[in-house]
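Colleague: I have just opened this entry and would like a friendly tour. Could we look at the picture together before I start asking?

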Amino acid sequence: MPPLLRNGPRVVLTVTLLATVSSACTIGSADDSTAAAGYPSRGLSILAPGSVGGGWDARARGMSAALTGCKIIDEDVTVTNKPGAGGAIGLARMVGRSGDPYQLMTMDTVTMAGGAVQNDSPVGLSSLTPIAGLTVSPSVIVVPARSPYRDLTSVMAAMKRNPKGMSWVGGSLGGPDHITVASLAKARGIPVKKITYVPTGGGGEVLNLLLSGASKVGMSTLTEIRPQIEAGKLRVLAISGDERPEGLNAPTLKDLGYGGSSVVSTGGVMAPPGLSDGERRAIVSMVDRMRRTSCWKRTLKQNDWRAVWLPDTKFGTLIDRQQKQVAQVLNDVGLTS
Amino acid sequence: MSTPQAIQQPWGPRVAALLFLAAGVVVLGWAFAIPERATDQDVGPRAFPLLVGMGLCVSATFSTVQAFRGADREQTEQAREEARLTDWGPVAALLGLLVGYLFALTPCGYWQSTAVLFTLVARVLGSRKPLRDAAVGLVLALAVYILFDRLLGIHLPPGIIRLAF
Amino acid sequence: MDVLSHLTDGFASAFSPMHLLLAFAGCTLGSLVGVLPGLGPATTVALLLPLTYVFDPVGALVLFAGIYYGGMYGGSTTAILLNVPGETASVPTTLEGHPMARSGRAGAALATAAIGSFVAGTISTVAITFIGPAMSRVAESIQPAEYFAVMVLAFATVTAVVADAPARGLCSLFLGLAIGLVGIDSLTGQVRYAFGVPELYDGVQVVAVAVGLFAIGEGLYTAARMRRAPEEQMLPVGGRIGMSREDWGRSWKPWLRGTAIGLPIGALPAGGAEIPTFLSYNLERRLSQHKKQFGKGAIEGVAGPEAANNAAFSGVLMPLLTLGIPTSATASVLLIAFQMYDVQPGPQLFQTQSALVWTLIASLYIGNVMLLVLNLPMIPLWVRLLKLPRPLLTAGIIVFATLGVYALSQNAVDLAIAVAFGVLGFLMRRTGYPVAPLILGAVLGPMTETQFRRALAFSEGDWTVFLTRPVSAGILCLALASLAGPMAVRLLRRRRSVPSI
């Protein structure tokens, strides 16, 4: 007889003891009735679909700090991390929290869209309730200082002659950098399947591959490579987006006639599906008050994000448009089956 | 001489080698299922898995042959010694507890399941003081839960019964 | 010299009663949180980062350095005492440190780890001070072909270590590489070997694999032998707590070699701490006079990797400060800390923010000293943990191991993976398969494949790129020699010994 069964009575005693201790604690109450006026009546949870220290996490923690630190709400805000599959795991979790106005999630329009398309995820970003777009981080196209290429036109011309030889390096596959490069190629009539685009984890790797001479041209968010640009080690050929960031002397893609190719990912907040109009408006209004605080402005500055404000349906429209664009490009590149 | 030796041979090395071989076959088989997509890349997503699968199959085949012939004396000796000293009951019990814990964690909550796990693991490993174990387990589990969930902000499943604070 | 006066200024601003107190507080907090399973130095620092907000930049950096060193040392403590590695870089410490603890020498293992970290930290700080910028220029020119070569070298040495049974070592290595294949292929987005489980899309968590193989495997092994081999109970800590004269004699060379490996590899823009710790472990195993003790608790196997781990962190600072490239999780967190104070590391940092940089270097040094001062007296306390009754201790290890895995990403899939690898580790241990190659394969496999394919993408498919770049070719030759060398020696010996039988 195994010892576990032989000593049955004592095991039962142990379990009873545990149960007694447990019952001393209160049974959690879940109040589901949410009057939009009194929102939030209990603690909020913000989900970051990436790991601690990443961009989504930074936005979630920045929001949490602004909401409580600058006294927008009295309830507490907790940040949970659900990393995995380019955000798809966090996304699936949000869909599962349908109708819960106390669960928010930070995300990016393009990175997220790319991840969801790529992983053939059954749930898309558009199934969530859009709350607001809050930040953008401009990206730049750069070459090493010793590169023979002086402008984007000559890069594209060389790429036209030998698509494979013009090696690009940038952020993750299906992310804004990749989509921009593929769109540029398409605009010049270069077969998109022939381009060499090496995806990396981001700024640091892009820098190394450019400075070591492995890759010819790179793309990265400005924040991550600004010091190298200022030190004269990298030359900026173009800026994605429509606006020139401060202190940077280079044309935007729009100036160069590639306006349609530029894809700028917008970082924002989403809520689960199935919210009432009142609940949605209450959350949007809370985020609106949050973005005006000094706490949030400090977060923007720390991360070198540019503030935007795309509330509610404006954000939803942007997501839909960019998702279609991403899906189209990925299809051209041959990444979707 | 080789026949009695073969009979006495412990089964451990053979099972292990066959498991490695099976893993190799799985890796290799699934490698062919990875679609090489239409991008013009010189080395696609299938190349490395093929290489690893073949490497695993070849080395596992060597190991299997050695295990069945008992050619690796050091290994055979070790496995025989292990077989003599192994008692499978507690191993199965411990494994059962861990699997049960896996399924209990989310519905029953972290500290509740952990307190029970601690008590029962100590029991399986020969402890004869269940009350002490339960007390230690409960204190440990609660301390960990409060530290992680409340102080560090790393969330553990609360379960049905929640703490009052 | 200019550098010296800068460093003196740095020390001057870092040395104040307030800052020493902060360093002390940081080390204590870091050690306490770092000891918790699943919380390696990077996570420890990220979690405690908000604490630094309230101080001025110098105070925050001092506190930060303390937390970092404390967190790193806390990770080694769990690796040695509980067989639970907090992160992949401390796996080699587990390999020898825990067997040492089991045979009653936990004190010596903890001491050699602490002193080794201190020695490595000291040498590395000096090295960053004087040759940092020069090393960064070299590191800048490293391309994917060279990274690939370094990883092949790591695989060759770890497999050659078990040269007595190459087939078993290779089985373990290839299984590890196969585990590394699981997840989304970073270059094409193709999902491989995930079997439809979305939690596997980002790959198998290596820490879950390591914790399963070591801690849970250990628990199963204890359960299997508890009745028929009761004499194998963990030995109580006997004799002296610290290191004996012999321990010192066997430790100092590994400390220096570990530093020599850790610093340059850590300084590579894709270096990190895993490769140097494993390389150091392999090297010590190769050079040791006590080869038979390896796997059963050889102090060299703790001293070398711990020094390498610490030196690698200092190495990581070079690309971070001079190039603005964060090469490890901890460095990324450090980058965030810099940005909080509007400081952007990069080529101009030494000019624009030189005071802050030298203060950071000085505070790292203070953190290093503080750690030694704090932890040597703590060792007897930690060791007392091992005096708990065996069933309670093992139950505690199981609880902490599962917690560590669960805390990683808060899902039960990782826990299931850890349990499965616990069973595998148990079987491998009974049948003489080494686990070190498996871990190394799982850790470095994805990086190896990425660098290999990147090298080919940049060379437009030209396979000779690995041989036409001289550094890459040199490292590959070294790898071949380290693999073929021992086998050739063995073959020769066998030939000679055959006629004599």
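Predicted model: local features only at pLDDT ≥ 70, side-chain atom pairs only at ≥ 80, totals over all residues.

Colleague: How many helices and strands does the secondary structure of chain B come to?

Modeller: First, some bookkeeping: residues are numbered from 1 along each chain as its sequence is written, while chains are lettered from A and ligands numbered from 1 in the order in which they are written. Helices (H or I, at least four residues) and strands (E, at least two) are DSSP runs, numbered from the N terminus. From the N terminus on, the elements of chain B run α-α-α-α-α-α-α, and the count is 7 helices and 0 strands.

Colleague: Over which residues of chain B is the pLDDT below 50?

Modeller: Across chain B the mean pLDDT is 82, with 86% of the residues reaching 70 or more. One stretch falls below 50, and beyond near neighbours in sequence it has 2 contacts in the model (two residues are in contact if their C-beta atoms, placed from the backbone, lie within 7 Å). That stretch is residues 1-7.

Colleague: Where chain B touches chain C, how many residues on the chain B side are nonpolar?

Modeller: The contact takes 60 residues from chain B and 53 residues from chain C. Several helices of chain B each supply at least two residues of this side, including H2 (12-33), H3 (47-69) and H7 (130-152). In the classes used here, Ala, Val, Leu, Ile, Met, Phe, Trp, Tyr, Cys and Pro count as nonpolar, Asp, Glu, Lys and Arg as charged, and the others, Gly among them, as polar. The chain B side divides into 7 charged, 15 polar and, to answer you, 38 nonpolar.

Colleague: What share of the residues of chain C counts as buried?

Modeller: Chain C has 20 helices and 2 strands. A residue is buried if 20 or more other C-beta atoms lie within 10 Å of its own, exposed if 12 or fewer, and partly exposed in between, with C-beta atoms placed from the backbone. By that rule, the buried share of the 501 residues of chain C is 67%.

Colleague: Is Ile123(C) buried or exposed?

Modeller: Ile123(C) is found in helix H6 (residues 106-140) of chain C. Around Ile123(C) there are 20 other C-beta atoms within 10 Å, so it counts as buried.

Colleague: Turning to chain A, which strands stand at the edges of its open sheet of 5 strands?

Modeller: Chain A has 12 helices and 11 strands. Two strands pair if DSSP finds at least two bridges between them. The strand order in this sheet is E7-E6-E8-E5-E9, with mixed pairing. Each edge strand has a single partner strand, so one side of each is left without a neighbour in the sheet; these strands are E7 (196-199) and E9.

Colleague: What is the bridge partner of Ser167(A) in E7(A)?

Modeller: Strands of a sheet pair through backbone hydrogen bonds, either parallel or antiparallel. E6(A) and E7(A) pair in the parallel sense over 4 bridges. In E7(A), Ser167(A) has as its bridge partner Thr196(A).

Colleague: And which residue in E8(A) is the bridge partner of Trp168(A)?

Modeller: Strand E6 (residues 167-170) of chain A runs parallel to E8(A), and 2 bridges join them. The partner of Trp168(A) in E8(A) is Val217(A).

Colleague: At about what angle to E8(A) does helix H9 of chain A run?

Modeller: Axes are lines fitted to C-alpha atoms, for helices over the stretch in contact, and angles run from 0 to 180 degrees between N-to-C directions. Helix H9 (residues 222-230) lies across E5, E8 and E9 of chain A, and its angle to E8(A) is about 120°.

Colleague: Around the axis of H6(A), how wide an arc do its buried residues cover?

Modeller: The buried residues of helix H6 (residues 152-161) of chain A are Leu152(A), Val155(A), Met156(A) and Met159(A). They lie on the same side of H6(A), because the arc they cover, taken from the directions from the helix axis to the C-beta atoms, is only 95°.

Colleague: Which residues are in contact with Val329(A), leaving aside its neighbours within four places in sequence?

Modeller: Val329(A) lies in helix H12 (residues 312-333) of chain A. With 25 other C-beta atoms within 10 Å, Val329(A) is buried. Its contacts beyond those neighbours are Ile179(A), Ala182(A) and Ser183(A).

Notes: pLDDT = per-residue confidence, 0-100.
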